[in-house]
Structure formats: structure tokens, C-alpha cells
Amino acid sequence: MTKESVVSAEPTLLASGGSCHFSDPGCGFPAPGLNEFQFEPIFTIGSFEFNKPMLLSVFVAVLVVVFFWAAFAKPKLVPGKLQLVGEIGYDFVKRSIVLETIGKKGEKYVPMLVSMFFFVWLMNIMSIIPFAQFPVTAAIAFPAGLAGIVWVTYMGLTFKKHGFVGGLKNLCWPSGIPGWVMFILVPIEFFSNIFVRPFTLAVRAFANMFAGHLLIVMFSIASWYLLSPSLGALYGSASFIVAVGLTAFELLVQFLQAYIFVMLASSYIAGALEEAH
């Protein structure tokens, strides 16, 4: 989509939120597009532009840090409400994801994975927060950055644990496979573990949030666009019900995407820590 098409789409979208309905002559449905994911910079410093998704990501990062600092700065034997909520969240990630996937060796990675889980989850939840109304992970740079952190951790642990030759064997040489198959399997495993894993980790989180946000926006706009004193009111009501249902479903997806992201990160760390065969 060109810059000109984005600019031309914005007045139509604004009109739909004002007085444009399908019964009005010459008023077409302002279907949302990529313009929903492009934001004017809040401020610029040279060539650096700071926009809304970046502001939301900073807000979420500060929120996670402040919450856990407040919950555990002065822990008590009988926890208060804030500490209790923090312990429930921490134990959920630790016991249900990290220890289940990595085992006891994963204890030292729990703080990183807990932080990552809540960071991703809250960035997703921004989609339904008034005035925010945008899932930060729908901008590919954010899940790509987190996937990069996971990939660096995965590669670092692999070669630290097994050495260079052993690390390559861990990445490319599955155990229990006949030797004649390795000619085909080794390149596939190499490409999969080093390139495909970080790519799919990022795209999975991005694509789900991108699609969910676009659907909610489309049915929300349609609810207003179809609203009229005629039969369109029925269609508008149906579209509104769908928008509400999608929002409720998106709440589940937002949680699941954070869960899956951290579970896959844990599985990569577990693979790096496996003993060489």
C-alpha cells in the first residue's frame, strides 16, 4: 500500500465514525487495511521516530517491572494481595511451562521467561484497552525482537554446553536415525533450527494479533456503517454482536499466544541443554 493510498483512506475511515452509513448515497464501506497498523510519529529525534506502538511497549515494560518490584520488594511470609497475585503469576509460568518443559535445569531461566510471558501478554491485551486499542505484537518488529532474544539465548546455550562441534551436532544430527538418511536430514535440521525457528516464533505471535485486530476493527466499523433506521439496523446489530464475540475470543488468543511463545522458548532452551548423544 502506497503512502498516498494510506492518506486517502484515513478521511473515509473518519467519516465512517461520524455520519457515513450504507444508506447514504455515495458512501462506500471504508474497509480497514494496512493503514490500521501505520502511525504518525509522536515525536522525532533526527531520523528516529517514536510512535504509538513504541509508547505502548515502553508502558507495558514499565508496568511489568513496577508490578513485580512492588509485589516482591518486601516479601512477607503471609503475602498481601499484590504479592499473592505476583506469586500466582510467577508460579504459573514456572511450574506450568518452565519446569514442565525444561525440568529442574530451567530454574535459572524462570525470571527471564516470566518477564517475557507477561510482557507479551500485556502487549497483546493493549488491543482491548481504551485509548490504546492496538496489540503491540501486531507490529512485526516487537515479536521479531523477542524472537531474536530467544534465538541468541538458544544458540549461546547450545555452544556453551556442547562446544562448537558438539553444538553443531546437537543442532543438526538427531539421534537414532540411520546414517544414510543424514545426507538429507542434516541440511534440513540445520536450516530449521537456525533460521526457521526464530522466524516462525516471531511470525506466529505477529500473525495472530494482526489478523485478530483487523477482524475486530472491520466488524466495529461495519456496526456503525450498517446502522440505520431501516433493515440495516439488524445487520448492524449482528455485526456488533460479532465484534463483541471476537473481542472475547481475542482475550483467549492473547493469553494463548503469550503461553505458546514462552513454551516454545522453553523447549528451545531445553534442547540446548540436552546431553549430546
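These legends describe close-up views of a predicted model.

View 1. The unreviewed UniProt entry gives residues 54-72, 109-129, 136-157, 177-196, 208-227 and 233-253 as "transmembrane region". Two of these segments are described here. Residues 54-72 are 100% helix and 0% strand. The C-alpha atoms at the ends of 54-72 sit 27 Å apart. Residues 208-227 are 90% helix, again with 0% strand. For 208-227, the end C-alpha atoms are 29 Å apart.

**View 2. The salt bridge between glutamate 107 and lysine 94.** Searching the whole structure turns up 1 salt bridge. Its partners are the side chains of glutamate 107 and lysine 94, at 3.6 Å from N to O. Glutamate 107 belongs to the loop between α3 (81-101) and α4 (110-125), and lysine 94 to helix α3, so the contact ties together parts 13 residues apart in sequence. Side chains of opposite charge can pair when their charged atoms come close. Glutamate 107 is partly exposed, with 32% relative accessibility. Lysine 94 has a relative accessible area of 17%. Buried means under 20%, so lysine 94 counts as buried.

**View 3. A nonpolar surface patch that includes leucine 55.** Ile42, Phe43, Ile45, Phe48 and Leu55 make up this patch. Together they have about 480 Å² of accessible area. Leucine 55 is part of helix α2, which covers residues 52-72. Its relative accessibility is 42%, so leucine 55 is classed as partly exposed.

Notes:
Residues numbered from 1 in each chain as written. Predicted model: local features only at pLDDT ≥ 70, side-chain atom pairs only at ≥ 80, totals over all residues. Heavy atoms only, no water. UniProt positions renumbered as here; feature names shortened; annotations may be inferred. Helix = DSSP H or I, 4+ residues; strand = E, 2+ residues; numbered from the N terminus. Salt bridge = Lys/Arg side-chain N within 4 Å of Asp/Glu carboxyl O. Buried < 20%, exposed > 50% of the residue type's maximum accessible area, 1.4 Å probe, protein only. Patch = residues over 30% accessible without salt bridge, like charges linked within 9 Å, V, L, I, M, F, W, Y side chains within 5 Å. Areas by Shrake-Rupley, 256 points an atom, 1.4 Å probe, with all protein chains shown as cover.
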